[in-house]
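Student: I would like to go through this structure and ask what each label rests on.
Tutor: Go ahead, and each answer will set a value against its definition.

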Amino acid sequence: MSTIAAFYGGKSILITGATGFMGKVLMEKLFRTSPNLKVIYILVRPKADQTPQQRVFQILNSKLFEKVKEVCPDVHEKIRAISADLNQSDFAISKEDTQELLSCTNIVFHCAATVRFDDHLRHAVQLNVAATQQLLLMASQMPKLEAFIHISTAYSNCNLKHIDEVIYPCPVEPKKIIDSMEWLDDAVIDEIAPKLIGDWPNAYTFTKALGEMVVQQESRNLNIAIIRPSIVGATWQEPFPGWVDNLNGPNGIIIATGKGLLRALRATPKDVLDVVPVDIVVNLTLAVGWYMAVRRPTSMLIYHCTSGNLNPCNWGKMGPQVLATVKKFPFEKAFRRPNADFTTNTITTLYWNTVSHRAPAIIYDFCLWLTGRKPRMTKLMNRLIRSLSLVEYFIKQTWEWSTYNTEMLMSELSPEDRRVRTALT
Ligand SMILES: CCCCCCCCCCCCCCCCCCCC(=O)SCCNC(=O)CCNC(=O)[C@H](O)C(C)(C)COP(=O)(O)OP(=O)(O)OC[C@H]1O[C@@H](n2cnc3c(N)ncnc32)[C@H](O)[C@@H]1OP(=O)(O)O
Ligand SMILES: NC(=O)C1=CN([C@@H]2O[C@H](COP(=O)(O)OP(=O)(O)OC[C@H]3O[C@@H](n4cnc5c(N)ncnc54)[C@H](OP(=O)(O)O)[C@@H]3O)[C@@H](O)[C@H]2O)C=CC1
């Protein structure tokens, strides 16, 4: 049996963001490989008229958890959905639930965040900075806590070209940002946000960087690690290939390509695109939790979960592979047959956006209107083009991330664990 899987046996684990893309895969892997764990606490907010319990029931009955039901039939008894809202200063957790979390938790995986690039700065600060600060305060009151694992992003320092596994100081003190968000109104925040964000591309990456500073400042005597994944894509192997449940990161663009919506993407074929499958990120996350709890390093460690310097994939390889796959496995109700190519400058991008994206959508909507149906394609195409404009920053340049700590950790794994968890090389 895997040393790491055995470590999580009997453990009480707290996961924030467990209803999200990464959180679900993390939860699934824990239940499938460590079915004798004691309990997984998840902080879940009510959403879309569903109670936390209804949301958990839906997740456990999804395709992602089919294997879990075979190896961990009592999974429903081992998961504790705690009603919580990280937008609230006290997380809106009941006193009884708080007491149970504080007295029982052994490992914390903090995945929750707002990952939207166009989120309001106030909301991004509340979730990615203040909530992290609040969770660290809770963790400092957990007598049985063995490790606190914070999920950040490899792009938290995307204003730098070469990024080491260290925490870089931010130009703004996180606590001052948190305090100012409490009394500034939205109009003033909108006015000063560009100056505060500075040379970060959006509130998301800026507040993830602030969140890392808070982890460093509020670490107290906690045993903490930070993991920085790059662009997280669908599962590679576990629990089955190709699982994804949102349009974030590469997912929306690949799906738009398969649906025949996307016909032109501004990218340079030789540029490396740093994408990592979500199950590889989760494998590293669990390995880090084990290493931090068992080996107890004397200082906080940062782990880059990136592929660029270990197993690089450039656009010239990724593009044709994606096209071949979506042609081999056609999407239902596609707008057009998949066919896309790269553009390399603003002029050709504008031209192909007009000719291959906007114009066909307008013509299609005109036909819908003529036949008494509601036009919808122009709105969808505009959303796609807006999404592409927001991710362009991450596509048109490349970064270098050192992976010393991650490679050191891989060398510490048993042969069984290394076989299972090392796919970046
Ligand atoms: C030859 C070419 C072949 C193609 C090759 C492709 C290779 C892979 C491409 C790799 C690209 C990588 C770029 C990602 C870089 C990220 C780097 C940072 C690392 C991170 O930490 S990312 C963390 C995760 N965050 C994100 O990925 C961004 C989060 N998303 C957003 O911020 C919002 O989605 C966005 C972009 C602001 C758009 O917001 P909005 O317009 O409001 O859309 P919604 O997401 O709310 O969805 C509403 C509605 O629109 C539909 N929709 C959204 N996106 C798409 C899309 N891309 N294509 C089609 N439809 C889309 C969605 O279904 C919703 O419909 P409803 O009916 O539900 O309203
Ligand atoms: N996806 C990617 O490409 C990458 C992601 N990351 C990081 O990984 C982590 C997980 O990202 P990912 O899974 O993609 O994000 P998702 O948006 O899929 O999940 C975010 C999670 O946070 C929860 N959450 C958000 N707001 C609240 C709130 N107010 N109260 C309680 N829970 C809340 C969401 O709950 P709910 O379901 O209720 O909305 C959800 O479970 C994040 O920290 C992100 O920065 C890093 C690099 C790349």
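**Helices, ligands and backbone**

Tutor: In this predicted model, Pro-174, Lys-175 and Ile-177 of H8 meet Phe-206, Leu-210, Met-213, Val-214 and Gln-217 of H10.

Student: What makes these residues of H8 and H10 a contact?

Tutor: Contact requires heavy atoms within 4.5 Å, and the named residues of H8 and H10 meet in that sense. By class, the contact of H8 with H10 holds six nonpolar residues, one polar and one charged.

Student: How do the axes of H8 and H10 lie?

Tutor: The axes of H8 and H10 come within 9 Å and cross at roughly 115°.

Student: Why are H7 and H10 called roughly parallel?

Tutor: The axes of H7 and helix H10, residues 203-217, cross at roughly 20° and come within 9 Å. Angles under 35 degrees count as roughly parallel, and H7 and H10 are therefore roughly parallel to each other. Their crossing is right-handed.

Student: Which residues bring H7 and H10 together?

Tutor: From H7 the list is Leu-121, Ala-124, Val-125, Asn-128, Val-129, Thr-132, Gln-133 and Leu-136. From H10 it is Ala-203, Tyr-204, Phe-206, Thr-207, Lys-208, Leu-210, Gly-211, Val-214 and Val-215. The contact of H7 with H10 divides into 11 nonpolar residues, five polar and one charged.

Student: Why is H7 called oblique to H8?

Tutor: The axes of helix H7, residues 121-139, and helix H8, residues 174-183, come within 10 Å and cross at roughly 125°. Roughly perpendicular covers 65 to 115 degrees and roughly antiparallel starts over 145. The angle of H7 to H8 therefore counts as oblique. H7 passes H8 in a left-handed crossing.

Student: Which residues of H7 and H8 make this contact?

Tutor: H7 contributes Leu-121, Arg-122, Val-125, Val-129, Ala-130 and Gln-133, and H8 contributes Pro-174, Lys-175, Ile-177, Ile-178 and Met-181. Eight of these residues are nonpolar, one is polar and two are charged.

Student: How many residues surround ligand 1?

Tutor: There are 31, and the closest are Val-115, Arg-116, Phe-117, Tyr-204 and Gly-249.

Student: What is the omega of the peptide bond from Glu-238 to Pro-239?

Tutor: Omega is near -5°, and the bond is cis. Pro-239 is found in the loop between strand E8 and helix H11.

Student: What is noted about phi of Ala-48?

Tutor: Phi of Ala-48 is near 50°, a positive value in a residue other than glycine. Ala-48 lies in the loop between strand E2 and helix H3.

How values were computed:
Residues are numbered from 1 along each chain as its sequence is written. Chains are lettered from A and ligands numbered from 1 in the order in which they are written. This is a predicted model: local features need pLDDT of at least 70, side-chain atom pairs count only at pLDDT 80 or more; totals for chains, interfaces and linings use all residues. Side-chain values use heavy atoms; hydrogens and water are left out. Axes are lines fitted to C-alpha atoms, for helices over the stretch in contact, and angles run from 0 to 180 degrees between N-to-C directions. Helices (H or I, at least four residues) and strands (E, at least two) are DSSP runs, numbered from the N terminus. A crossing is left-handed if the near helix is turned anticlockwise from the far one by less than a right angle, and right-handed if clockwise. Ala, Val, Leu, Ile, Met, Phe, Trp, Tyr, Cys and Pro count as nonpolar, Asp, Glu, Lys and Arg as charged, and the others, Gly among them, as polar. A residue is near a molecule or strand if one of its heavy atoms lies within 4 Å of it.
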